[in-house]
Amino acid sequence: MAEPITAFVARREPDWRALEALLERLERSTLTLAEIEQLDRLYRRASADLARAQASYPGTDAARFLNQLCGRAYGGVYRPTVNRLGALKRFYAVELPGLVRAEWRAIAVSAALMGLGVILGATTVALEPTGVALLVPDQIQETVARGQLWTDTIEGQSASSELAVRILTNNLQVTLQVFAFGLTFGVLTVVGLLANGLQIGALVTHCFQHGLGGGLLVFMAAHGPLELSIIAISGGAGLLLAQGLLLPGERTRAEALRTRGARAVRLVLGCAPILALTGVIEGFVSPGHLFPAPAKIALGLTLGCVFWLWLLRSGRGAGQLGDDGR
Amino acid sequence: MESQASSGITVATPERVALDLPVAGIGHRALAWLADAGVMFVALLLVYFVYSLVGRSVLEVAQDLSGAGRAVALLAGFAILQGYWSGFEIAWRGQTPGKRLLRIRVVRRDGAPASAFELVTRNLLRAIDFLPMCYPAGVVTMLVDRHHRRLGDLVAGTVLVREERIALSRYTDAAASTLPVAQFETVTALLARWDMLEPEARLRVASGVLTGLGQPTPGDEASARASLERLLRRDG
């Protein structure tokens, strides 16, 4: 026969309150070694009490209280490890390059889709005069017709400045969208990649038709290689999400989405700081004539080469990643 | 236990006990979001007014920004929003001010604390749940999902749980009672609801309970309550 519930609560409550107080302190600050040892002891006792309450007093407030307390303590006791700097170094030296190599198919498909868009855009504008009206924004058409590149007037009047901002932020948006839209079963990722390529192809061809192509390519040279690479990786991550939804394999869809999602997010988050770097280059180095054309081209090529060398070589042979990327 | 477990998740801890985590529903989540949105709105408003008082009007400054400056401002805005959600959730172990107010917390699906990566993930995907505006995508997913998770939670493998505060006063107030647990729960539950019941219902229910415990049937309401309270004071 179990002891009366009131006696059980009266006997054990001081320990539970002590555990509560410790957890409150843990959530606000750090504990001393003696307190940690006490936390461990009290948590295990509370677990034993919970097991007992589940057996002898099921469905009572006491059982619910203990369930709640142990849940809170479980979260406090089993905290994730926090070697942040070491984890960060390992992430960039081993994990991220390994992920890119492991998921190269998705990234290649993503890059191919963008390339296909470029070819389509270029041929449309080259072969079909009305294609320009469809694919190139009116403002850009006007600027180009005046024999100017919109990128040169980035510090100038408000109209073209707004345009420059739009182009600048557009790339950031595209990067995030092609990833996140993977959740639309990949439909909008594919559309986004194609559309981005289409626009690049159309713009470059249009500028070449007006003798401004060289200028545009120089503008794109400094940030382009890195930025397009990151859009391709981000698109690949979006395709991974879609793959989890469409082709879960032997897992449930939710499970497949979670494991692939973890990998996809690592890819995109890892690239985010580099994307910020390209944004800075695009904002300050690429426009205007502050830097000579050869310097821009050299910078872009160097960054692109270093980026891909790092992704393809770094951390090779450092052991296989787990399936969920941990 | 059955009713509690309907939308909860059960976790087996290394100590070999089964924890039952109550999952937060759409109501809790929406209210917490409203609270957070309110906090952000007030904070931005304060910054706006303080800056306008000290310096020039914010709108003028924004108009004078060069292209690169505006892009930086846009990025900063995105970073601030992300920083609010992810920053608070990482620092407060799965809670934002709104979530703290509503007593809900983000945890991993196995009940363990969510890592920084998982928290950032669910907040990055907030943008998708928000589409096209004000979270219809997220709400649909929450309605379909058994644990009321939005897309970001599904990808990150996280879930929001309620942290109820449960009082033990019903036991400590009647510490001398040695009633068996089932009877004790019935008697305390009845006394806790006493004032909410109609007078006839009080007498009817109390008579049923007392008879079931082998006590004499009470004549009126006051004596019924007295017998119930007597049961809690001494050995039943």
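Arg103(B) lies in the loop between helix α4 and strand β3 (104-108) of chain B. In this predicted model, the phi angle of Arg103(B) is near 60°, a positive value in a residue other than glycine. Most residues other than glycine have a negative phi. Arg103(B) has 15 other C-beta atoms within 10 Å, and it therefore counts as partly exposed.

A positive phi near 60° is also found at Phe185(A), again a residue other than glycine. Phe185(A) is placed in the loop between α8 (158-180) and α9 (187-209) of chain A. Because Phe185(A) has 14 C-beta neighbours inside 10 Å, this residue is classed as partly exposed.

**Chain B and its confidence**

Chain B contains 12 helices and 4 strands. Of the 236 residues in chain B, 31% are buried.

The mean pLDDT of chain B is 82, and 89% of the residues score at least 70. Confidence within chain B is highest in helix α4 (residues 97-102), at a mean of 93, and lowest in helix α2 (residues 58-64), at 70. Over residues 1-6 of chain B the pLDDT is below 50, and this stretch has 6 contacts in the model beyond near neighbours in sequence. Where pLDDT is low, the predicted coordinates should not be read in detail. For the complex, the predictor gives an ipTM of 0.77 and a pTM of 0.64.

| Helix pair | Angle between axes | Distance between axes |
|---|---|---|
| α10(B) (residues 181-192) and α11(B) (residues 199-212) | about 165° | 11 Å |
| α1(A) (residues 5-28) and α2(A) (residues 33-56) | about 130° | 9 Å |

In chain B, α10(B) and α11(B) pack at an angle of about 165°. An angle over 145 degrees counts as roughly antiparallel, so α10(B) is roughly antiparallel to α11(B). The crossing of α10(B) past α11(B) is left-handed. Thr186(B), Val187(B) and Leu190(B) of α10(B) meet Val205(B), Ala206(B) and Val209(B) of α11(B). The residues of this contact comprise 5 nonpolar, 1 polar and no charged.

In chain A, the angle of about 130° between α1(A) and α2(A) makes α1(A) oblique to α2(A). Helix α1(A) likewise passes α2(A) in a left-handed crossing. On the side of α1(A), the contact is made by Arg12(A), Asp15(A), Trp16(A), Ala18(A), Leu19(A) and Leu22(A). The residues of α2(A) in this contact include Glu35(A), Leu39(A), Tyr43(A), Arg45(A) and Asp49(A). By class, the contact of α1(A) with α2(A) has 8 nonpolar, 1 polar and 5 charged residues.

**Where the chains meet**

How many residues of chain B are in contact with chain A? There are 45 such residues in chain B, and they touch 48 residues of chain A. Several elements of chain B each supply at least two residues to this side, among them β2 (18-21), α5 (116-124), α8 (151-156) and α10. Helix α3(B) gives the most, with 6 residues. The side of chain B that touches chain A has 27 nonpolar, 10 polar and 8 charged residues.

Conventions:
Residues numbered from 1 in each chain as written. Chains lettered and ligands numbered in written order. Predicted model: local features only at pLDDT ≥ 70, side-chain atom pairs only at ≥ 80, totals over all residues. Axes fitted to C-alpha atoms, helices over the stretch in contact; angles between N-to-C directions. Parallel < 35°, antiparallel > 145°, perpendicular 65-115°, else oblique. Left-handed = near helix turned anticlockwise from the far one by under 90°. Contact = placed C-beta atoms within 7 Å. Nonpolar A, V, L, I, M, F, W, Y, C, P; charged D, E, K, R; others polar. Buried ≥ 20, exposed ≤ 12 C-beta atoms within 10 Å, placed from the backbone. pLDDT = per-residue confidence, 0-100.
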